Amino acid sequence: MACTAGQVIRCKAAVAWEAGKPLVIEEVEVAPPQAKEVRLKILYTSLCHTDVYFWEAKGQNPLFPRIYGHEAGGIVESVGEGVTDLRPGDHVLPVFTGECKGCAHCESEESNMCDLLRINTDRGVMLNDGKSRFSINGKPIYHFVGTSTFSEYTVVHVGCVAEINPLAPLDKVCVLSCGISTGLGATLNVAKPLKGSIVAIFGLGAVGLAAAEGARIAGASRIIGVDLNSNRFKEAKKFGVTEFVNPKDHKKPVQEVIAEITNGGVDRSVECTGNVDAMISAFECVHDGWGVAVLVGVPHKDAVLKTHPMNLLNERTLKGTFFGNYKPRSDLPSVVEKYMTKELEVEKFITHSVPFSEINKAFDYMLKGEGLRCIIRMEE
């Protein structure tokens, strides 16, 4: 790959030209990486709901044409000036958020919310010069959350690239670069259930099931899945969920139902829907005195959370988390190792696989609610 260093690379990319319209496989030009940037050859990428949400452009600023994609695995093709900890051939996961290692957040052991590289969904250009590294016939194509992995090659800030074990299969561990790590970390790093705990998981999509997987790894005795779709329970059992509660099946608030079946409430809850009512239920269903609720789902921009202050004064704790409190460069390699040692099971999250030329099928699966993660194979 070294022969392409410093040169413009022409390759295939799936370009979104308009909101909600099928992606088009185009030949794009990918410029060389500048200072503190890395150019990656993407081998596998997967589709996350966040890609679909911004592709539909129903609740945010539309920015087109754009190359989406942010869950992926690849190999470093070349590095820009000032990049010393990565070299061509390294196996990596690009991440939608970053770790500059120099800001107050990065220097804190308690935060992973980098000042410089925190997720920015509106920015479609690189930080270095405010320009895109993608173009078609001289016309710039916008980036997405600093990753744009629906391209055979992409350019990413070095702070958003995690070097991983080269023996880890990229077609499996690519899913750890976003949703699975978010749910897993929300449980293991933030909720921190003790062995034998009772844990409730609100929302049994991929992130919620990853949170359940975290509860299973932690040794929870009961894992209660809460979802409006009863069809999800069968699949959820594979991730350690032991019981299922559908709020629609009960006349009383679901937090009251959970309190009744757990003798006062769960020890920990993790909310993965972004629905404010679910957030309130997740908080109010934890046991007084020691219960901890963790919010993962991203709410509507106008959402307001209301609960009685006594719920806090009675020693319940409400926490939020971003990317499962994992620092991308420092912590993701250890998450990959959990997979390598068989502590974490990743295969069960992967329900479909398609060649790059059929990337729109992955969107169809997600829009129909079929499966959890679809792997897109860049090399056919």
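## Getting to know the model: loops, helices and rings

Trainee: Where does Gly203 lie in this predicted model?
Mentor: Good place to start, and please keep in mind that the model is predicted. Gly203 lies in a loop, with H5 on one side and strand E10 (198–202) on the other. The place you asked for is therefore the loop between strand E10 and H5.

Trainee: Is Gly203 buried or exposed?
Mentor: The cut-off for buried is under 20% relative accessible area. Gly203 has a relative accessibility of 7%, so the residue counts as buried.

Trainee: How do helices H4 and H5 pack, and are they oblique or roughly parallel?
Mentor: H4 covers residues 179–191 and H5 covers residues 206–218. Their axes are 7 Å apart, at an angle of about 40°. Angles under 35 degrees count as roughly parallel. H4 and H5 are therefore oblique.

Trainee: How do the residues of the contact of H4 with H5 divide?
Mentor: H4 passes H5 in a right-handed crossing. Residues in the contact include Ile180, Leu184 and Leu188 of H4, and Val207, Glu213 and Ile217 of H5. They divide into ten nonpolar, five polar and one charged.

Trainee: What angle do H1 and H11 make, and what does that make them to each other?
Mentor: The axes of H1 and H11 are 11 Å apart, and the angle is about 95°. The contact is made by His49, Val52, Trp55 and Glu56 of H1, together with Phe363, Met366 and Leu367 of H11. Those residues divide into five nonpolar, one polar and one charged. With an angle of about 95°, H1 and H11 are therefore roughly perpendicular.

Trainee: Which residues of H1 are buried?
Mentor: The cover over them includes strand E3 (37–46) and H11. The buried residues of H1 are Asp51, Val52, Phe54 and Trp55.

Trainee: How many aromatic pairs are found in the whole structure, and what kind is the pair of Trp55 and Phe363?
Mentor: The search finds eleven aromatic pairs. For Trp55 and Phe363, the ring centres are 4.9 Å apart and the planes are at 65°, so the pair is edge-to-face.

Trainee: How many residues apart in sequence are the parts that Trp55 and Phe363 tie together?
Mentor: Trp55 is buried, and so is Phe363. Trp55 lies in helix H1 (residues 49–56) and Phe363 in helix H11 (residues 359–367), so the parts tied together are apart in sequence by 308 residues.

Trainee: What kind of aromatic pair do Phe239 and Phe349 form?
Mentor: Both Phe239 and Phe349 are buried. Their rings are 4.8 Å apart centre to centre, with 55° between the planes. The kind of pair is tilted.

Trainee: Which residues form one aromatic cluster?
Mentor: One of the members is Phe54, a buried residue of H1. The cluster is formed by Tyr53, Phe54, Phe64, Tyr68 and Phe144.

Trainee: Which residues does Ser281 touch, not counting those up to four places away in sequence?
Mentor: Ser281 is found in helix H8 (residues 276–284). At 9% relative accessibility, Ser281 counts as buried. The residues touched are Phe202, Val254 and Gln255.

Note on methods
Residues numbered from 1 in each chain as written. Predicted model: local features only at pLDDT ≥ 70, side-chain atom pairs only at ≥ 80, totals over all residues. Heavy atoms only, no water. Axes fitted to C-alpha atoms, helices over the stretch in contact; angles between N-to-C directions. Helix = DSSP H or I, 4+ residues; strand = E, 2+ residues; numbered from the N terminus. Parallel < 35°, antiparallel > 145°, perpendicular 65-115°, else oblique. Left-handed = near helix turned anticlockwise from the far one by under 90°. Contact = heavy atoms within 4.5 Å. Nonpolar A, V, L, I, M, F, W, Y, C, P; charged D, E, K, R; others polar. Phe/Tyr/Trp six-rings, centres within 6.5 Å; stacked < 30°, edge-to-face > 60°. Buried < 20%, exposed > 50% of the residue type's maximum accessible area, 1.4 Å probe, protein only.
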